[in-house]
Amino acid sequence: MFDDEKMKLLYKRMVMARQVEYGIREQHKAGKVRGPVHMCVGQEATGVGACAVLNDDDWVTSTHRGHAHFVGKGLDLNKMVAEMMGKATGYCGGKASHMLIASREKGMLGGCGIVCGALGIGVGYGLAFKMDGSNRVALSFIGDGATNEGMFHEALNMAALWKTNNVIFVEHNMYGLTVRADRHLSVENISDRAVAYGIPGVTIDGNDIIAVIEATQEAVDRARRGEGPTLIEAKTYRVLGFSTGDKGGYQPQEEIDAWTTPEKDPIARYGKYLVDKGICTAEEVDALHAEAQAAVDAAIQFGLDSPYPDPSVLMEGIFA
Ligand SMILES: Cc1ncc(C[n+]2csc(CCOP(=O)(O)OP(=O)(O)O)c2C)c(N)n1
Ligand SMILES: [Mg+2]
């Protein structure tokens, strides 16, 4: 695995990913963040764990629910929050909002409003790396719902056929919008779909960051060796509903309760792991939590204090 410092950093990143969402939700209510915000509370182990095995020059494509991907890839929290607030100091000068945050330096290509759309872009990068003779890898996050899109099947076929440098990472959070997985998926395990393309497919516990790291490491190693893509399905749970615009009522309370116990919650579980393995004391875990919260509070303040972009930049970065 990683050294103790990195193991602690991953805990902080998971807490930052969660707490920044609660902070942004408050700011959304206060009118400081516009548009529906898709939150990944309960899914922090997948984004943070999978990105932990990547280098800065490995590319990640995200989804509409990407905050843990951004934090996991090591993006600066201040610039992230400023972007979510549409401020000039944000990663994309305030034009990307919460969903499309991108950073060339950190290998984050950003999210995508078209379900599964970014997977096609990810496979394009995986093919480019392969053609360049590089061992860089493109990892694409997608949701369970996205695996029913035509793009999923076309992208997997091409990536498998040409053995591109890709990892396809499915965050199976049990819902596509308001529709439960057992009403929209023809299979119980999405990893079974890998069989159709002759590539390895694996189902893991997406709330266990150690399982996420191990499975992603194996898939990344395989891609770096030029042996082609792997499909990882991580089972997790979307605790806060589809977005800030979701009126709820369709996720049974017993189901939410079952996924948010200390035994299931990815952050509580990882905190216990750190203590059990002697990497931290319980007090040190609390201190990491407090440090992460302080970074989030500072980022929210940075976002609030930052200026909006000048209207003169409106047409910059437009290609047509
Ligand atoms: C091509 C396309 N179809 C439909 C939508 C509307 N839409 C946005 S998110 C979503 C559900 C996606 O579910 P999933 O892939 O499981 O991601 P999750 O929201 O659970 O993270 C849908 C249908 C869209 N944005 N793009
Ligand atoms: Mg889903």
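Tutor: Met174 lies in the loop between E4 and strand E5, the latter covering residues 175–176. Helices (H or I, at least four residues) and strands (E, at least two) are DSSP runs, numbered from the N terminus. The model is a predicted one, in which local features need pLDDT of at least 70 and side-chain atom pairs count only at pLDDT 80 or more, while totals for chains, interfaces and linings use all residues. Residues are numbered from 1 along each chain as its sequence is written, chains are lettered from A and ligands numbered from 1 in the order in which they are written, and side-chain values use heavy atoms, with hydrogens and water left out.

What marks the backbone of Met174 is its phi, near 80°, a positive value in a residue other than glycine. Lys163 also has a positive phi without being glycine, with a value near 45°. Its setting is the loop that joins helix H6 (150–161) to strand E4 (166–172). Lys163 counts as partly exposed because its relative accessible area is 41%; here buried means under 20%, exposed over 50%, and partly exposed in between (1.4 Å probe, protein chains only).

Tyr175 brings the description to the ligand, being listed with His64, Arg65, Gly113 and Gly145 as the closest of the 15 residues that surround ligand 1, each with a heavy atom within 4 Å of the molecule. The side chain of Arg65 places an N or O atom 2.7 Å from an oxygen atom of ligand 1. From the backbone, a polar atom of Gly113 lies 2.8 Å from a nitrogen atom of the ligand. A polar backbone atom of Ala146 is 3.0 Å from an oxygen atom of ligand 1. Taken alone, ligand 1 exposes 590 Å², of which the protein buries 72%; these areas follow the Shrake-Rupley method with a 1.4 Å probe.

The side chain of Ser140 makes a polar contact of 2.8 Å with the side chain of Thr61. Such a contact is a pair of N or O atoms within 3.5 Å; within protein, one must be able to donate a hydrogen and the other to accept it, and residues adjacent in sequence count only if both atoms are side-chain atoms. Ser140 is classed as buried because its relative accessible area is 1%.

Gly49 belongs to helix H2 (residues 44–52), and it counts as buried because its relative accessibility is 0%. Although 160 residues separate Gly49 from Ile209 in sequence, their C-alpha atoms are 5.4 Å apart. Ala234 has its place in strand E8 (residues 230–235); with a relative accessible area of 0%, Ala234 is therefore buried as well. Between Ala234 and Asp208, 26 residues apart in sequence, the C-alpha to C-alpha distance is 9.3 Å.

Tyr197 occupies the loop between helix H7 (181–184) and strand E7 (201–205). Its relative accessible area is 19%, so Tyr197 is assigned to the buried class. The C-alpha atom of Tyr197 is separated by 34 Å from that of Tyr270, 73 residues away along the chain.
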